[in-house]
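Work through the exercises below with the sequence and the structure side by side. Try each task before reading its solution.

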Amino acid sequence: MANPAMSRVTRVRRHLPTSPWLFAAPGLLITGVFVLYPFVSTLVNSLTDRRTLIPGHFVGLANFRELLHDDMFWTGLRNSSLYVVGVVPALVILPLLLALLVQKNIPGITFFRSAFYTPVVASIVVVGLIWVWLLDERGLVNSLLEAVGIGRVGFLSDQWLLLLSAMAVTVWKGLGYYMIIYLAALANVPRELHEAAAVDGAGPVRRFLTVTVPAVRSTMVLVAALSSVAAFKVFSEVYLMAGPSGGPAGEDTTLVMLVQRTGTGLTGRVGYASALSVVVFVVTVALMLLVLRTDRREES
Amino acid sequence: MSVVEKVRPAPAPSVPGEARVTDEHGRRIRVWELVLRYALLLVVLALTVGPFLWQLSTSLKGPTEDIFSSPPSFLPSRPTLHNYERVADTIPVWDYALNSLKVATANVVTNCVGSALAGYALARLRYRGRRAATLAFILAMLVPVEGIVIAQFTTMRELGLNNTLIGVVLPGSIGAMNVLLMRNAFANLPYEIEEAAFVDGANTWQRFLRIALPSVKGTLAVVAIFAFMGAWDDFLWPLIVLSDPSRFTLTIGLNYLHGTFANDERLVAAGTVIAVAPLIALFACLQRYFFRGVGEGAVKG
C-alpha cells in the first residue's frame, strides 16, 4: 500500500509513539495470555506428568504411549470420529434443502426463517435437556410412538441409540445456522442458469443437481469443514444426554469429554489430558486439510 | 430431497382468479406449489419450534396432571406457575440468572471495546510488527477452545481467578475472530474521510472515535450480540472453572438441577424456560443482526 496518506500516518507516530500498540494491547494481552500461551503450554504439558496440584517432570512421549493402551482413549476417538461421519453429511445436505424451501419471498417467510433459527439461539444445555425429556422412556416421542403402535424405544439407555440421538440433536441445533449460510450463497446463483436449464427441459431435481449444487459447491465445502471440526470436538450434547460418565459403562464418552474428565478437579492429570488435547488438535487440523483437499481434487 | 421431488408434477393449469402471489423476481407462484411449500414449512416449524413449546407446556402443568400420558396432552389443563416457584426454592435460580447477565454484559463490553481498538490498529495504523499482530489473532482464531481448556484452567488457577465470574469472562473477553471482523470492517471504509480529518489536524484517537467508529456500528452490533449469546449459552468453560454452587451461571445451574432432580421433569422444564426465554426475546427484537453475524462469521472464519 504505497498510499501517500499512509506515510503521513507514519509521521504521526513520532508524536504518539506508543499509540498503535496502545490500541492493540488489550486484545494482544488477552489473546496471548488466554489462548496462545495455553496452546503452547498444552504442547509442553503433554510431555510431562503434571497434575493439578503437582508440578510435573519431563516424561518424553510416555503420555502418548499410554494413550495407545488406554481403552477409554480409543472409545473416545471412535465416538468423536463416528460423530463426524454421522453429522457432517446431514449438516451439508439438510440445511441446503431448508434454504431452498425458505428462499422464495412468499408471505410470512421471514417468520419461518426466524423460527427455524431458534434452536441456534438457545443454549446447548437447554437444547440438551429439552431432548432428554422428549426422548425419555416416558417422554413425548415415546408416547407418540406408542400411540401409533410402534412401542417405546430406549433412546437414552442403549449405547448406540444414545450416540445417534445426540447426533440428531446436533443436526437439529445446527440446521438454522447453516441454512442462513446457504441462503446467502443461493442469493448469488444467477436466475438465468435456472431458466436456461428449464428451457432445456430439466425438471426440478435435475436443475437442483446441475445448477444449484455446482453453484453452491464452495459453500458446501465450507459447511463440511466447519461442521466436521465442530462435530469432532463434540462435548455438551453427549455430556448432557449420556451423563458426565458417558452412558452405559462410559461407552458414549467422546474425546473432549475424556479431556474434561481427566484434566479437571484437584487430582486432574494435566499432562495426560494435554496429550489427549494434542490429539484433538492434530485430528482437527487433519480434518480441515482433508476437506479442503477433496475440494481441490474435485475441481481438477 | 423430498422437497425437490414433490415439486415435480407437471405444469398445473393456470386457474383463473387464483391468488397473485409472486416470488422475488415478480413471477407468479402457482397455487399447488404454494400449498406444498406452506405444508412443508409447517412440518419443519413443528419440528424446530415444537420441542420448545412442549417444554413450556410441561413447565406449566401442575403436580396432579399426568405429563406421561399417551396419546400426549399438548396443552396444560390448568396452567400454573407453581413449577417456577419450585425452581427458585430448589436452586438460587435468580442469582444464577444475575450471574449469567453479569458475565454476558461484561463479555459484550470487553469484546466491543477491545476488538474495535485492536481492529482499528490492525486496519489503519502503521507500525512495525503489525503483520505479526495480525498473525497472532489469526492463529488464536484457529486454536480450538476445547483443546486448551485444561491449560486455561491451570493458567486461571495460577492467577487465582478460578471459581470467579472474572475467570469465566476473561478467556473470551476479546475474541480473536471479533478483532478480525472489526479489522475487516475498518479496512473496508474509504480512507479519504479519515485523510481529510487528518489534514484538519485530528489525531489518532479523534479519527478513531469520531469518524471510523460511527461507520462500523453494524459490525459492532454483530460483535455485541454474538458476545452476549456466546457468554449466556456457554457451557464447557464455566463448567470447568466454576466449582462453588453459589457462583454458578444459569447453564451450569441447569446442569446441576438436571443432575440432582432428573426425575422431576416439570421442575427441569421450568428451569430451561427461564434460561432460554431472555435469549429468544433478544433474538425476536434483533433478528437481522443474528443473521448478519452468521454470514460474516462464516465467511471470515
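Residues are numbered from 1 along each chain as its sequence is written, while chains are lettered from A and ligands numbered from 1 in the order in which they are written. This is a predicted model, in which local features need pLDDT of at least 70 and side-chain atom pairs count only at pLDDT 80 or more, whereas totals for chains, interfaces and linings use all residues.

**Exercise 1.** Find where confidence in chain B is lowest and where it is highest.

Solution. Begin with pLDDT, the predictor's confidence in each residue, from 0 to 100; its mean for chain B is 86, and 88% of the residues of chain B reach 70 or more. Next, go through the helices, which are DSSP runs (H or I, at least four residues; strands are E, at least two) numbered from the N terminus. The lowest confidence in chain B is in helix H1 (residues 2-5), with a mean of 39, and the highest is in helix H7 (residues 165-169), at 96. Finally, note that pLDDT stays under 50 over residues 1-19 of chain B. Where pLDDT is low, the predicted coordinates should not be read in detail. For the model as a whole, the scores are ipTM 0.88 and pTM 0.87.

**Exercise 2.** Describe the side of chain A that touches chain B, by helix and by class.

Solution. Count two residues as in contact if their C-beta atoms, placed from the backbone, lie within 7 Å; on that basis 86 residues of chain A are in contact with 91 residues of chain B. Helix H2 (residues 19-45) of chain A supplies the largest share of chain A's side, 20 residues. By class, that side has 59 nonpolar, 20 polar and seven charged residues, where Ala, Val, Leu, Ile, Met, Phe, Trp, Tyr, Cys and Pro count as nonpolar, Asp, Glu, Lys and Arg as charged, and the others, Gly among them, as polar.

**Exercise 3.** Which domains make up chain B, and how far apart do their C-alpha centres lie?

Solution. An automatic or database domain assignment gives the bounds, dividing chain B into domain 1 (31-80) and domain 2 (86-296). Their C-alpha centres lie 33 Å apart, and the contact between them takes six residues from domain 1 and six residues from domain 2.

**Exercise 4.** Are Thr134(B) and Pro89(A) buried, partly exposed or exposed?

Solution. A residue is buried if 20 or more other C-beta atoms, placed from the backbone, lie within 10 Å of its own, exposed if 12 or fewer, and partly exposed in between. Thr134(B), in helix H5 (residues 130-142) of chain B, counts as partly exposed because it has 18 C-beta neighbours inside 10 Å. Pro89(A), in helix H4 (residues 71-103) of chain A, has 13 such neighbours and therefore also counts as partly exposed.
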